[in-house]
Number of protein chains: 2
Amino acid sequence: MSQAKKCRVAVNGYGVIGKRVAEAVARQDDMELAGVADISTDWRPRVALQKGFRLFGATGEHTQAMRESGLEVVGNLEDLLGVSDLVVDCTPKRIAALNVDIYRQRGIKFIVQGGEKHEVTGHSFVAEASYSSALNRESTRVVSCNTTSIVRTLTALKHAGLLRRARGTLLRRATDPWESHLGGIMNTLVPEPEIPSHQGPDAQCVDPALDVITMAVKVPETLAHLHYWSVQLTRPASTEEVLDAFAASSRIALIRTDAGLSALNTVKELMADLGRPHDNLYEVALWSDMLKVEGDELFYAYMVDNQAIVIPETIDAVRALTGTMSNAKESIAKTDATLGIGLLTQIAGRR
Amino acid sequence: MSQAKKCRVAVNGYGVIGKRVAEAVARQDDMELAGVADISTDWRPRVALQKGFRLFGATGEHTQAMRESGLEVVGNLEDLLGVSDLVVDCTPKRIAALNVDIYRQRGIKFIVQGGEKHEVTGHSFVAEASYSSALNRESTRVVSCNTTSIVRTLTALKHAGLLRRARGTLLRRATDPWESHLGGIMNTLVPEPEIPSHQGPDAQCVDPALDVITMAVKVPETLAHLHYWSVQLTRPASTEEVLDAFAASSRIALIRTDAGLSALNTVKELMADLGRPHDNLYEVALWSDMLKVEGDELFYAYMVDNQAIVIPETIDAVRALTGTMSNAKESIAKTDATLGIGLLTQIAGRR
């Protein structure tokens, strides 16, 4: 594919991630949203049509049912893949593994999400860590929200030569806001029974050199995850050095409690005030005035919007797989510009 | 005071801690609850009378107001102190510091709670760590719930020769259950703006040799605190060694997720089923099947009932100050027996 020709991107699954990916793809001038495929007949695909997206049924049967419910459906997934250069699979956990056979049979490039195993594609993607090894591959897996945040932050410390090992405690939002009427937890905390939790090994799928161990607990809120980290540095460092290391990544926003961003909800409100779609927080929002260095130890906390953080990575992954841009920095800068990434530190930022 | 004569204990402040201390004192055969003092005229002191406790007003004015509201009040705080050997101050944070002058003028021994500064008494108390240095002192301070849990667990590791340094993340309940209609937080997380949080230095008030750093965050639930710890051991150890170290403390209950204790609420329900007053969890409830040793590193999580954990310590502190028992182990065993401590590991325990 030449740089002049737009990459035609299919989105399979129009849920929490799919709808955000579709919206982000539509903002890229080097991509074209070929269409979105789903199985639902409720309000969700109707919004896709409202936005002018071409809608497809996941199978012939789904296409028929969707048409019977009054939805304007172009065709089924096979039809969508026929007019696409790449498909981003945003179907629920474990379903993508089944779709992969279809993608491979058709010889179409594909991206799966972090709910799938690394082995499904043999490559795990975070733009700042593994863009170059994804170049022109058949497929990759954009890792989960928590893993993305871990790789972004630890890669930043690694690039500055500061990372020895990292130990994290992850407070996981109980369920997504749009699904919180379907179940969740109230007035309790539910530890994940396994220590270490899976996010550490998952980060090592992207960068096997990371010395990282995590513990996780489910908390009764829906807004975002919150991480607490104790990091052993390679040497004693100053707070400024550490902040500089994080600031070198555009995907890490340094925010301040004394700018009024004292809790998850206030950060989300700022995203809404910025007019971002779905109030998306694409960045790791790391509190610079909370961060503490004690000798060769570093302590900090950050917020992870589990619905949004992987969106810029997915856009970059499209460029890497199709070889549209060979340089990670170039793609990251382009994605950032289209999604408004970079404003946050300016508004409520480092100092 | 001879061992034959019961220690007469006054409780000043009949709130979350005071009512539990009064109930626990009433269960001791070497103590006598001289009475409880408060300022309230609502339902709370009425329950104290219902239990047969002698009620006093904090000042003459309060005594009068309480009498006018129909409460049967014996006298004021000065009268109560006159018939007591020791007073446990359970008034709200910072108020005890003012009462201390009264106690000192009267020459009565006193205990303050963890909301006060270490300097108020010059001694900070956790039975397993500082009983002997409290013997026959004028006063001590029973440290806060979180600090108590930290000193108990790290002391257990220290006694086994395993502790090098400990780094913890504390999930703090937003408010107490009985006060949750007065304010709290909903559907968000509120990091404490200062890293490290105050609990690490506070633990060092009890044992200056502890190398401990903590971070804390407020979570939207009311049941208990939850701690996650990454501990560097003095050497690689087996899981059994570590569990043995914790099991050596009766105030640490080893519980299991696979016994159904998979979250804070299920542990509290077990306390209710055991018939404990106020469903009190006096122990640090540490999940033995979640605990993990990796080389010389140890990871674990435990639950802290902020309303109950200091109650057995307060009983032990009474014995230490009055010199009733010179041996910490003897006092701890007696307190444990009266409060039912020890059952938990048997019921849902180590393996």
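## Aromatic pairs

Over all chains, the structure holds 12 aromatic pairs; rings of Phe, Tyr and Trp (its six-membered ring) pair if their centres lie within 6.5 Å, with planes under 30 degrees apart counted as stacked, over 60 as edge-to-face and the rest as tilted. One of them is formed by A:Trp43 and A:Trp178, whose ring centres are 6.2 Å apart and whose planes stand at 75°, so the pair is edge-to-face. A:Trp43 lies in helix H2 (residues 43–50) of chain A and A:Trp178 in the loop between strand E9 (163–173) and strand E10 (190–191) of chain A, so the pair ties together parts that are 135 residues apart in sequence. Helices (H or I, at least four residues) and strands (E, at least two) are DSSP runs, numbered from the N terminus. A:Trp43 is partly exposed, with a relative accessible area of 48%, and A:Trp178 is partly exposed at 30%. Buried means under 20% relative accessible area, exposed over 50%, and partly exposed in between (1.4 Å probe, protein chains only).

The rings of A:Phe246 and A:Tyr300 have their centres 5.1 Å apart and their planes at 70°, so this pair is edge-to-face. A:Phe246 belongs to helix H9 (residues 239–247) of chain A and A:Tyr300 to strand E16 of chain A, so that the pair links distant parts of the chain, 54 residues apart. A:Phe246 is buried at 0% relative accessibility, and A:Tyr300 is buried with a relative accessible area of 0%. Ring pairs join A:Phe246, A:Tyr300 and A:Tyr302 into a cluster.

## Basis of the model

This is a predicted model, in which local features need pLDDT of at least 70, side-chain atom pairs count only at pLDDT 80 or more, and totals for chains, interfaces and linings use all residues. Residues are numbered from 1 along each chain as its sequence is written, chains are lettered from A and ligands numbered from 1 in the order in which they are written, and side-chain values use heavy atoms, with hydrogens and water left out.

## Annotated positions in chain A

The UniProt annotation "binding site", from an unreviewed entry, covers A:Asp38 and A:Asn306. UniProt positions are given in the numbering used here, feature names are shortened, and annotations may be inferred rather than shown by experiment. A:Asp38 lies in strand E2 (residues 31–38) of chain A and is buried, with a relative accessible area of 13%. Not counting residues up to four places away in sequence, A:Asp38 touches A:Gly13, A:Tyr14, A:Gly15, A:Phe56, A:Gly57, A:Ala58, A:His62 and A:Met66; contact means heavy atoms within 4.5 Å.

A:Asn306 sits in the loop between strand E16 (297–304) and helix H11 (310–322) of chain A, and is buried at 8% relative accessibility. Leaving aside neighbours within four places in sequence, its contacts include A:Ile17, A:Cys145, A:Arg173 and A:His225. The side chains of A:Asn306 and A:Asp176 are joined by a polar contact of 2.8 Å. A polar contact is a pair of N or O atoms within 3.5 Å; within protein, one must be able to donate a hydrogen and the other to accept it, and residues adjacent in sequence count only if both atoms are side-chain atoms.

UniProt, in an unreviewed entry, places the feature "active site" at A:Cys145. A:Cys145 is in helix H7 (residues 145–159) of chain A and is buried at 14% relative accessibility. Apart from residues up to four places away in sequence, A:Cys145 touches A:His225, A:Val304, A:Asn306, A:Ile309 and A:Val310.

Helix H1 (residues 16–26) of chain A is mostly covered, with 10 of its 11 residues buried. Among the buried residues are A:Ile17, A:Lys19, A:Arg20 and A:Glu23. The cover over the buried residues of H1(A) includes strand E1 (7–12), E2, strand E5 (86–89), H11 and helix H12 (328–339) of chain A.

A:Thr63 lies in helix H3 (residues 60–68) of chain A and is buried at 4% relative accessibility. Not counting residues up to four places away in sequence, A:Thr63 touches A:Gly57, A:Val73, A:Gly75 and A:Asn76.

## The sheet of chain B

In chain B, an open sheet of eight strands has the order E4-E3-E2-E1-E5-E6-E8-E7, with parallel pairing; two strands pair if DSSP finds at least two bridges between them. Strand E4 (75–76) and strand E7 (124–125) of chain B are the edge strands, each pairing on one side only. Three bridges join the parallel strands E2 (residues 31–38) and E3 (residues 55–57) of chain B, and B:Val36 stands opposite B:Leu55 in E3(B).

Helix H1 (residues 16–26) of chain B packs on the sheet, touching strand E1 (7–12), E2 and strand E5 (86–89) of chain B. The direction of this helix makes about 160° with that of E2(B); axes are lines fitted to C-alpha atoms, for helices over the stretch in contact, and angles run from 0 to 180 degrees between N-to-C directions.
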